[in-house]
Amino acid sequence: MSSPGPARPVGLTTVRHLTGLGLGLVAAGITAAAGVAADRLSKDRRLALALDETTGGGRGASYVDIPDHEHVVLASDGVPLHVEVDEPRGQTADRKPLITVVLSHGYCLSLRCWVFQRRALRAAGYRVVLWDQRGHGRSGSGATDSYHIDQLGRDLHAVIEEVAPHGPLVLVGHSMGGMTMMALALEASQIVRDRVVGAAFVATSTGGLASVSYGLGAAAGKAVHAFGPAAAGGLARMQSLVDGTVRLGKDVVNFLVDWGSFDSPVPMSIAELTTDMIFATRMEVISALMPHFDRHDKREALTVYHGIETLVINGLGDRLTPPAHSEEIVRLLPGAEHVVVENAGHVIMLEHPSVLDEQLLELAGRAQRAAADELATCS
C-alpha cells in the first residue's frame with residue numbers, strides 16, 4: 001500500500017545520534033552548515049506554514065488532549081511512569097469484550113506523538129492507554145543502568161497490570177516502543193499469549209541496527225555508531241551548554257530533526273511538536289539508551305506473537321529503521337499485514353496520521369472479531 005506524502009515530523013534515534021553531530025557543528029562555528037540548513041529550511045518552512053493554513057494548524061492548533069484518567073504507575077525499580085487513559089467515545093454496545101489499545105512511543109518522543117491516533121481510536125469505541133517511557137515526557141528518570149530495552153518491557157508490563165489488568169489488548173509500538181513490545185513478550189509471555197489479540201509494529205526493528213547508515217553512506221554511518229554514544233555521554237554532562245547551543249543553532253537543529261523524522265513536508269505546527277518532544281528529552285537519558293540499540297536483538301520474541309492479528313507498517317523513506325527491518329519482522333511473523341507508506345519517514349504517526357489511523361482501526365476491527373470468536377468458543 002502506498003500513500004501520497006503530507007509533511008515532515010520528528011526524528012528518533014537518528015536525531016539524537018545526529019544531534020551531537022549537529023551541536024558540534026554549531027559549537028565549532030561552522031557557519032557554512034548553518035547557512036545551508038537555513039536556506040533549505042526557508043523553503044521547507046514556507047511550505048510548512050502554507051500547510052498549516054490549509055489544515056487549520058499553526059501556533060493556535062492544539063495537540064494536547066485531556067485524558068479521562070491520569071495515573072502514576074511505579075516501575076519495578078520505583079521509577080514513576082506517567083500514564084493516561086481515554087475511555088471510548090463511540091458505540092460500544094457491539095464491542096464485547098471491550099478492547100484496550102496500549103500505545104508505546106519511541107526514543108526521544110512522548111505520548112503526545114499519538115495525538116491523532118488516540119482521537120481516532122476512542123471515537124471508534126476503543127479504550128486507549130498511553131504512557132511516557134522512563135526519562136521521557138512526564139515520567140520520572142531512573143538510574144543510568146536502568147535504560148535498556150529489557151527494563152522497558154518490564155515497565156510496559158507494570159503499566160498493563162495497573163491500568164488494564166483484564167480483557168483483550170491491542171499493543172501498538174513505534175520504534176523503541178515496538179522493541180518494548182518485544183521485550184514484554186520475553187518478560188511476560190503469558191500476558192501476550194492469553195490477552196493480546198492484536199499487535200502493531202510501527203517503524204521498528206528486531207535487531208541489526210548497528211549496520212544502519214542513516215542515509216549518510218557506509219563510512220559516515222559507521223562513524224556515527226562508533227562515536228555517537230561517547231559524544232552523547234559527554235554532552236550529558238553539559239546539559240545547560242546543550243540547551244544553549246540548541247537555541248543558538250536553531251536552523252541546524254531544525255534541519256536535523258526534519259531530515260531524520262520525515263520524508264515529505266509537514267505543517268509547521270507538527271514540526272514544532274516533534275522538535276519540542278525531542279529536545280525535552282535530557283541528554284543523560286539519550287546517551288544511556290543509545291548503546292543498547294546497536295545491541296538490540298529480539299527476534300526470538302516474535303514467536304510469542306505467532307497467531308495474533310499483526311500489522312507491520314513502515315515508511316519507504318525511513319532513515320532510522322529502513323524498510324528491510326520491517327521486512328524481517330514480516331518474515332518472522334507469517335501472515336502479518338505489511339503496509340509500506342511512500343513519502344514517509346520515521347515518525348509516520350505525525351507525518352501521515354490518517355494512514356496510520358486507518359490501519360490501526362482496521363487492525364483493531366480484526367482483533368475485535370477474533371476476540372469475539374474466542375469468547376463465543378469459550379461460552
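**A walk through the model**

Guide: Buried means under 20% relative accessible area, exposed means over 50%, and partly exposed is in between (1.4 Å probe, protein chains only). With nine of its twelve residues buried, α10 is mostly covered. Please keep in mind that this is a predicted model, in which local features need pLDDT of at least 70 and side-chain atom pairs count only at pLDDT 80 or more, while totals for chains, interfaces and linings use all residues. Residues are numbered from 1 along each chain as its sequence is written, and side-chain values use heavy atoms, with hydrogens and water left out.

Visitor: How are helices and strands assigned, and how many of each are in the chain?

Guide: They are DSSP runs, numbered from the N terminus: helices are H or I with at least four residues, and strands are E with at least two. The chain has 14 helices and eight strands.

Visitor: What span should α10 have, and what does the model show?

Guide: The expected span of a helix is 1.5 Å times one less than its number of residues. For the twelve residues of α10 that gives 16 Å, and the end C-alpha atoms are 16 Å apart, so the two agree.

Visitor: Which side chain makes a polar contact with Ser-269?

Guide: A polar contact is a pair of N or O atoms within 3.5 Å; within protein, one must be able to donate a hydrogen and the other to accept it, and residues adjacent in sequence count only if both atoms are side-chain atoms. Here the side chain of Tyr-63 contacts that of Ser-269 at 2.9 Å. Tyr-63 sits in the loop between α2 and β1 and is buried at 13% relative accessibility. Its C-alpha atom is 8.8 Å from that of Cys-113, a residue 50 positions away along the chain.

Visitor: Where is Ser-264, and what does its side chain reach?

Guide: Ser-264 is in the loop between α9 (250–261) and α10 (268–279), and it is buried, with a relative accessible area of 4%. Its side chain reaches the backbone oxygen of Asn-343 at 3.2 Å. The side chains of Ser-264 and Glu-351 are also joined, by a polar contact of 2.6 Å.

Visitor: Now for charged pairs. How many salt bridges does the structure hold?

Guide: A salt bridge is a side-chain nitrogen of Lys or Arg within 4 Å of a carboxyl oxygen of Asp or Glu. The structure holds 16 of them. In one, Asp-65 pairs with Arg-122, with the closest N and O atoms 2.8 Å apart. This pair links distant parts of the chain, 57 residues apart: Asp-65 is in the loop between α2 (31–55) and β1 (69–74), and Arg-122 is in helix α3 (residues 115–123). Asp-65 is buried at 10% relative accessible area, and Arg-122 is buried at 13%.

Visitor: How do I read a pair of aromatic rings?

Guide: Such a pair is described by the distance of the centres and the angle of the planes. Rings of Phe, Tyr and Trp (its six-membered ring) pair if their centres lie within 6.5 Å; planes under 30 degrees apart count as stacked, over 60 as edge-to-face and the rest as tilted. The structure holds three aromatic pairs. The rings of Phe-201 and Tyr-305 have centres 5.4 Å apart and planes at 85 degrees, so this pair is edge-to-face. Phe-201 lies in strand β6 (residues 196–202) and Tyr-305 in the loop between α11 (283–295) and β7 (309–315), so the pair ties together parts 104 residues apart in sequence. Phe-201 and Tyr-305 are both buried.

Visitor: And how much of the whole chain is buried?

Guide: Buried residues make up 57% of the 379 residues.
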